[in-house]
Amino acid sequence: MSVGLLYALAGAALVAIGLAGLLLLPQLLRKILAFNILGSGAFLILVGLGQRDGGIDPVPQAMVLTGIVVAIAATALALALARQLLDLSGRMRLPEDGPDAGAADD
Amino acid sequence: MSRAVAALVVLLAAGLAAALGLAMLDLPEPAVRLPARVAAKLGDSGVDHPVTAVLLNFRAYDTLLEVAVLLLALVGVLALARPHAARAAAPAHPLLQTLARLVAPLMVLVAGYLLWIGAHAPGGAFQAGAVLAAAGVLLRLAGLLPAWAQPGLLLRGGLALGLLVFVAVAVAVLGQGSLLQYPPAAAGGLILLIEAGLTLSIGLTLAGLYLAGTEVEP
Amino acid sequence: MTAALAFDLLLVAALVWSAARALTVADVFRGVVLFIVFGLLMALAWARLGAPDIALAEAAIGAGLTGALLLDAVGHLRAKREPGP
Amino acid sequence: MTDFLDPLPWLIMLPLAWGTLAFVLGPGRGGRLAIAAIALQGLLVLQLAGQLLAGGARVHAVGGWGAPLGIDLLADGLAAVMLLLAQAVALPLAIYARGYFAAQPKGRELFWPMTGYLLAALNALFLSADLFNIYVTLELLGLAAVGLVAIAGGQAPVTAALRYLLATLLGSGAWLLGVALIYGSYGSVSLAILAPLVGADAPLAATLAAALMLAGLLLKTALFPFHFWLPPAHGGAPAPVSALLSALVIKATFYLVLRLWLELFAPLTTVAAAQLLGILGAAAILWGSALALAQTRLKMLVAYSTVAQVGYLFLLFPLATLVPPDAAESAVQGGVMQAVAHGLAKAAMFAAAGSMIVATGRDDIGRLGGVGAHLPLTLFSFGLAGVTLMGLPPSGGFSAKWLLLRAALETGQWWWVAVMIAGGLLTAAYVFKVLRRAFLPVASGDRVTRVPRTLEFSAFALALAAILLGLFGAPLLALLAVGGAA
């Protein structure tokens, strides 16, 4: 197995961890961590698969550099929103009930 | 969330991982080989580091949009930052202040080096900008820099400079070709110009994400 | 088994472990610290994949700046004293 | 093509530039600049449409490299129709927004930069022929939309924005994963390079990629049951933002579903998958309409109406997949027509709802009394938009549903007809619920104030356009036929 493929497989595991965390954890900071882990997994797959024959491929590497900057942009916005919610509601988590639940009133 | 739903989600995630793994172990030979094409055109790109060539020439359009994403995130963070008066810098340990005073100028030098070396070796505007931003965060932690929720005109100009230079170069070459099609002779210079603007703006923006975001306390 | 392969296997295991622990450890602060560790391990992984550009960016942005933002948010959260994961 | 005034790159660079300049100008500034620039973008799209009708689809190789090394922009009929819709909705809404934020200043500070980036992302997405580049446009679009939802502050909008952000990030994550698998399988992310490579014998990675990308897009398009994030986000944002989001942002991801389904992943599509999309669409129509009818807040009603109308878009898949070409063509035309008609009508409806809320000072359907007497043009616009959503002749909504109906009958899938009729009746019920209240006299203790004329006229222009679309839809369908799958 090449180094690239090994890290791509690790990326698959990270994607699964991130996905489960994003869907299951109620705390917003954890959700943000989970999103970053999911993203890192996808980046590993992108570069790892591209380099599975052992060579170096600058194209997915450049894409991941782009992706890292996009990820911090999203993270910063998410954190700013989460802090705002904390200041307004005293909690850093989303209300449990789905929006359809309170559809009739409010 | 109920236990059954949680179990279902875990199952879904595990299933995805398994499917990804299976798919990866059964891949065909790729029909297209981009590394060879990058190597073939590297001489025309204006730089000799392949990743920089992809980032600022072959796929420079991605990078342009990405810079917009970064600035947009700061705009979003600023929209959320309450216009409290900038919090007075918290008193920091004098040792930290001395350290910050010593290290910050050094970091600016490192950023300059990374920017310059990016044409030939690992490095470039994003890494250089990140180091600049780190200097800003350090100064902030040392209490030497105020938080800012409402940047003034000069600062807004600095934040926007990188993207504006990038867009200007992108459309300036439209007369002789496509968007972002640098004339081969000028490619190296144009890329350096764009990267210089980007380093400043990325440094300010990344620092701003921290400085504007960390200022909510009344 | 070569030393390089052993190192890669160890690094992969550490990556997966730190990611999982960052999400499951009881205290949010420790979760963030583990995430920063994860970011630094990612930087190592990029170096192993022959991607020094990404390694630099990951260390500076992925672990460094994201970490600073997260730690600041945890501080803010603690100031409001919300318990729990 | 060495034409300095080639519309393709300018359609993306202009909004990027004016969005950034609006930021530099400072909080609340840049409205007039935006309106002028969007008008210019509209002219560019018209020029592009003319070029396409005369000379067929066009490619612009960014950087001059060409795929697969570089990134290509592709303008075909489908892209041009979506571009046309985006500028046609954005221009009246920009005029509306200036008036709206003058009356309701909350959230005006950074509206223009974010709107600039939103439009740049839309235009870039419609023109992109590169899967990774589309990922970047999706992120630009998603963050701009989320930022706009949160722009006015307050607990409910911030909560809605966070929910929306997490959903849209998960959606782009799935897309990125798909891109990684595609690159691993074929070594390229260019649509033009990939199209001949993806066949019925595609590896598991490609099939998985298709499924992931589709799932991510459905989440972003808020197709039932992924609609949970939409009503609070679209219902809680300032009215011009709601209008932009409902009219355009969800259409962008629908556009990608359509493109992938008809082009790149066409060899992988199955009747079962198409039927599933149709069933989800049908569920969206019934569930969204029923919940719209149950709302007490006007903007939430309009938001749930969007959930329902998204459903109609997805009826095209069972009607266009593995059926005779005539029926497929009719179905795709119907779906695209629905996207355009709903875009115009929903923008009009949110704009009109915003005016009513400004005038009555509250977002409450029960307290709309007096709106009919004081804001007749606004209420008329709301009603006209309702006519389009119901699918009554001669509106664009009627043309869309007629085309879908024809495809359903030609392929013997009569059950979709039943869904469409039921949806139309429910739509009529919730539109009349609003109209009936608005025609009542002002309740004692309430008062209805005037709103700026620009608010009334911009909503009316949008509603009128949705009607005229039904009368003059033929040129649009001719444009749609240029060089594409439809």
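Is B:Leu180 buried or exposed, and how many other C-beta atoms lie within 10 Å?

Analyst: B:Leu180 is buried, with 31 other C-beta atoms within 10 Å. A residue counts as buried if 20 or more other C-beta atoms, placed from the backbone, lie within 10 Å of its own, as exposed if 12 or fewer do, and as partly exposed in between. The model is predicted, and local features need pLDDT of at least 70, side-chain atom pairs count only at pLDDT 80 or more, and totals for chains, interfaces and linings use all residues. Residues are numbered from 1 along each chain as its sequence is written, while chains are lettered from A and ligands numbered from 1 in the order in which they are written.

The backbone of B:Leu180 deserves attention as well. Its phi is near 65°, a positive value in a residue other than glycine. B:Leu180 sits in the loop between α7 and α8 (187-213) of chain B; helices (H or I, at least four residues) and strands (E, at least two) are DSSP runs, numbered from the N terminus.

A counterpart occurs in chain D. D:Leu322 is not a glycine either, yet its phi is positive, at about 55°. It belongs to the loop between α13 (316-320) and α14 (325-360) of chain D. D:Leu322 is exposed, having 12 other C-beta atoms within 10 Å, whereas B:Leu180 is buried.

Chain B has a radius of gyration of 22 Å, well over the 17 Å that the globule rule gives for 218 residues, so it is more spread out than a compact globule. That radius is taken over C-alpha atoms, and the rule is 2.2 Å times the number of residues to the power 0.38. The C-alpha trace of chain B spans about 60 × 60 × 35 Å along its principal axes. Of its 218 residues, 51% count as buried. Among contacts in chain B between residues at least 6 apart in sequence, 79% join residues at least 24 apart; two residues are in contact if their C-beta atoms, placed from the backbone, lie within 7 Å.

Chain B also touches other chains. Its contacts with chain D involve 51 residues of chain B and 51 of chain D. On the chain B side, the elements giving two or more residues are α1 (3-25), α2 (34-41), α3 (50-58), α4 (60-80) and α7 (153-172). The largest share, 15 residues, comes from α4(B). This side divides into 35 nonpolar, eight polar and eight charged residues, where Ala, Val, Leu, Ile, Met, Phe, Trp, Tyr, Cys and Pro count as nonpolar, Asp, Glu, Lys and Arg as charged, and the others, Gly among them, as polar. With chain C, 15 residues of chain B are in contact with 11 residues of chain C. The chain C side there has eight nonpolar, one polar and two charged residues.

Finally, the largest nonpolar core holds 388 residues, and B:Ala68 and B:Ala73 are among those that touch the most other members, as is D:Leu344. Such a core is a set of buried Ala, Val, Leu, Ile, Met, Phe, Trp, Tyr and Cys residues joined through C-beta atoms within 7 Å. Domain 1 (1-269) and domain 2 (285-486) of chain D both give residues to this core, so it lies between them.

Note on methods. Domains from an automatic or database assignment.
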